[in-house]
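I opened the notebook with two things to look up: where the open space in this protein lies, and how its parts meet.

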Amino acid sequence: MKSIQVFQPEFLLHGADYNYEQWLGYPDILAEDFRLIREAKCNVMNAGIFSWAMLEPAEGEYHFEWLDQLMDSLAENGIRAILATPSGAKPAWMSQVYPEIRLVDEHGRREPHRLRHNHCPTSPIYRQKVKQMNTLLAERYKEHPALLLWHVSNEYGAHGCHCGLCYAAFRKWLQERYGSLDALNHAWWTTFWSHRYTDWSQIEPVDRSVHGLMLDWMRFISDQVIDFYLAEIEPLQEIAPDVPITTNFMQPNVGLDYWKFAQYVDVVSWDSYPRWHSQQEEWPIGLKTAFFHDLHRSYKRQPFLLLESTPSVTNWQGISRPKKPGLHFLSSLQAVAHGSNGVQYFQWRQSRGGQEKFHGAVVGHVSHGHTRIFQEVTAVGRYLAQLGDLVNTCNRAEVAILYDLQNEWALNLAQLPRSEEKHYQERCVAHYQPFWEKGITVDLIDSSTADLSPYKLIVAPMLYMLRDGIEERLGRFVHQGGTLVITYLSGLVDQSDLCFIGDFPLRSLLGLWVEETDVLFTHDVQSLEAVPNNDLGLKGSYPITHFADIIHLDRAQAMAHYGHDYYAGYPAITVNHYGNGRSFYIAARSDRRFLHDFYSSLSHQLRLPQAIQTQLPTGVTAQLRHNDSKQYLFLMNFQPTSQEISLGESDYRDALSAERLRGVLELEGYGLRVLRLDD
Ligand code: GLA
Ligand code: ZN
């Protein structure tokens with residue numbers, strides 16, 4: 001079942017996870033909450049996320065009165081509900097009566113009842129219980145005026161369950177994929193170390209030396225979690241077909257193929273917890289967070305929702321400093337700048353007990369609003385209320401970075417001569433950085449779901465695994481006039497993780513072949529030296545670290561050569577004119593300065609649109625959200641000190657005050673301004 005609709009809210013969302021059920025014995029607090037919720041300009045609350053034990057305290061005994069009361073109070077106060085299904089944590093009685101719902105680890109030990117997010121994704125009993133609960137919720141609240149959106153479960157994870165039910169499902173999944181054991185043995189290259197399977201029942205996903213097995217296990221788990229989710233939403237879709245659905249995603253490295261998952265939600269939402277202040281400079285954290293926001297917009301190429309973020313600190317990151325004044329506003333509006341239709345927090349009120357009692361919240365244990373955090377949250381709420389017009393506008397990109405999660409899984413499994421610091425995600429961020437610095441919007445794409453047609457430029461760092469015919473689609477893209485950048489460690493294996501034999505499939509597209517890859521220790525010295533009059537006007541020398549492919553050219557031209565060692569003079573950067581387009585190969589890991597120079601020149605040649613035509617200071621960036629009639633320019637300063645931005649010749653107005661702005665704009669430390677471009 002595909003997603004059924006596009007979620008287009010009428011306002012920018014502002015709110016938080018509201019654990020109302022924890023406070024049922026404290027009526028004064030609940031009454032005060034509604035006053036404070038209005039004061040903080042919240043218009044939506046995430047409700048009922050971990051409430052199963054309160055909704056069904058004993059099997060078949062339901063208590064919806066408190067949730068009725070919450071939903072009614074929200075409606076009376078003009079606040080909408082993002083109502084959760086409670087499957088993220090199961091009640092103790094259920095764990096006791098039905099042990100099969102508890103996850104089993106790889107040593108065969110079944111989890112005791114504890115924590116959360118640890119159910120077996122296959123268990124028919126758990127699926128049935130969840131369906132039953134979701135049916136009751138949907139029937140009861142489908143027409144409730146507060147209900148805005150379903151929040152299905154919470155942060156589904158990919159904690160593989162090793163129970164008999166999951167193993168049986170995995171073997172069935174493998175049978176469908178491979179058809180025969182012979183095909184499977186070939187795909188996994190099991191003759192290696194005598195791993196050949198002679199019966200499906202021998203297959204146990206616990207052997208990290210069989211990479212094909214482990215990769216398929218990850219794929220299976222991801223599919224199984226999506227399948228569980230699809231079972232969860234069945235009653236919601238049947239009973240309340242007009243209510244859209246989301247589930248909160250996390251950072252992409254959790255083992256779920258979110259590219260696939262995103263096809264089944266009506267709106268992508270995610271939980272963002274950057275470690276602000278954890279580095280000497282703030283802007284690299286802003287950069288990485290921007291990459292993640294863009295990723296979540298890109299999953300569906302639609303606006304997304306920031307469903308959780310902390311108003312101050314977390315309590316699970318080792319050290320988490322309170323956000324310094326201004327940073328809350330900046331980090332919240334940053335999500336909006338990249339396409340979020342709102343800002344939401346974990347959590348509204350700090351718990352009194354339990355593991356998260358010292359996690360940040362809008363309302364702390366002091367229990368009133370006379371705090372810096374509450375005031376800063378309120379400022380965000382006020383601002384969003386006045387920016388309401390920009391809801392459902394979106395960012396548009398002409399450049400995309402291929403960030404393929406299955407490629408990341410495979411690359412992480414691969415044992416290379418240098419396995420340290422492969423850093424796939426970090427390198428994707430490094431290639432993203434020059435665009436972020438110039439205020440050029442970037443989409444992320446993946447190998448199987450991507451539509452390449454909107455883009456002029458596609459960047460594919462470390463595309464180790466070629467799957468689902470991506471090499472053909474990239475070839476067509478370049479042939480038709482597109483520009484492609486690919487780097488070292490690309491095109492090594494097929495989708496079963498088997499190495500290509502003979503010519504690698506990118507040979508004609510790149511016009512070269514790779515003989516070997518040097519890997520460098522930190523004391524090793526290597527560089528690339530630009531060739532005069534190269535395609536991008538690169539000049540001088542740049543350092544190389546970690547990986548350096550030694551390549552031979554067929555039709556490609558060298559733009560830079562290596563400067564040292566036994567392959568000095570061999571090509572290090574190349575360009576191949578292919579059909580109507582060009583494909584560049586960056587054969588080695590380069591530094592920030594190189595990527596900056598390389599992409600500056602390329603962006604200029606391709607006339608990639610910048611949010612603002614100006615040179616932005618370090619740590620300052622810009623994003624544009626628009627539709628056919630409106631354009632909103634976000635200027636963001638991730639430096640703690642004020643920075644000046646030249647507005648050039650364009651006529652801008654402050655999006656709120658309509659004040660005309662020309663010349664130089666001063667952005668205070670951690671400052672953010674939203675401007676409108678006069679037509
Ligand atoms: C996650 C969970 C929340 C809460 C926060 C704490 O995002 O979804 O329930 O535990 O982390 O940061
Ligand atoms: Zn299981």
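I am working from a predicted model, in which local features need pLDDT of at least 70, side-chain atom pairs count only at pLDDT 80 or more, and totals for chains, interfaces and linings use all residues. Residues are numbered from 1 along each chain as its sequence is written, chains are lettered from A and ligands numbered from 1 in the order in which they are written, and side-chain values use heavy atoms, with hydrogens and water left out.

**Domains.** I looked up the division of the chain and found domain 1 (13-390), domain 2 (399-606) and domain 3 (620-677), with bounds that come from an automatic or database domain assignment.

**Domain 1 against domain 3.** Taken over C-alpha atoms, the centres of domain 1 and domain 3 are 34 Å apart. Their contact (heavy atoms within 4.5 Å) takes 26 residues from domain 1 and 16 residues from domain 3. I then looked up the buried area, that is, the accessible area (1.4 Å probe) that two parts lose on being put together, summed over both; it is about 1,800 Å² for domain 1 and domain 3, with 66% of it on carbon and sulfur atoms. On the domain 1 side, L330, A337 and L390 lose the most area to domain 3, together 31% of what that side buries. For salt bridges (a side-chain nitrogen of Lys or Arg within 4 Å of a carboxyl oxygen of Asp or Glu), I noted a count of 0 between domain 1 and domain 3.

**Largest pocket.** A pocket here is an open set of points on a 1 Å grid over the protein atoms alone, where a 1.4 Å probe fits, with protein on both sides within 12 Å along at least five of seven lines; lining residues have an atom within 4 Å of a point. The largest pocket holds about 1,300 Å³, the volume being the space filled by probe spheres set on the points. Its lining has 40 residues, and F50, R116, H117, N154 and E356 lie nearest its centre. Helix 2 (residues 52-55) gives the most to this lining, with 3 residues, where helices are DSSP runs of H or I with at least four residues.

**Second largest pocket.** This one holds about 700 Å³, and of its 33 lining residues Q279, P284, K288, E426 and V429 are the closest to its centre. Helix 14 gives the largest share of that lining, 8 residues. Why does this pocket lie between domain 1 and domain 2? Both domains give residues to its lining, so I place it between them.

Key
Helices (H or I, at least four residues) and strands (E, at least two) are DSSP runs, numbered from the N terminus.
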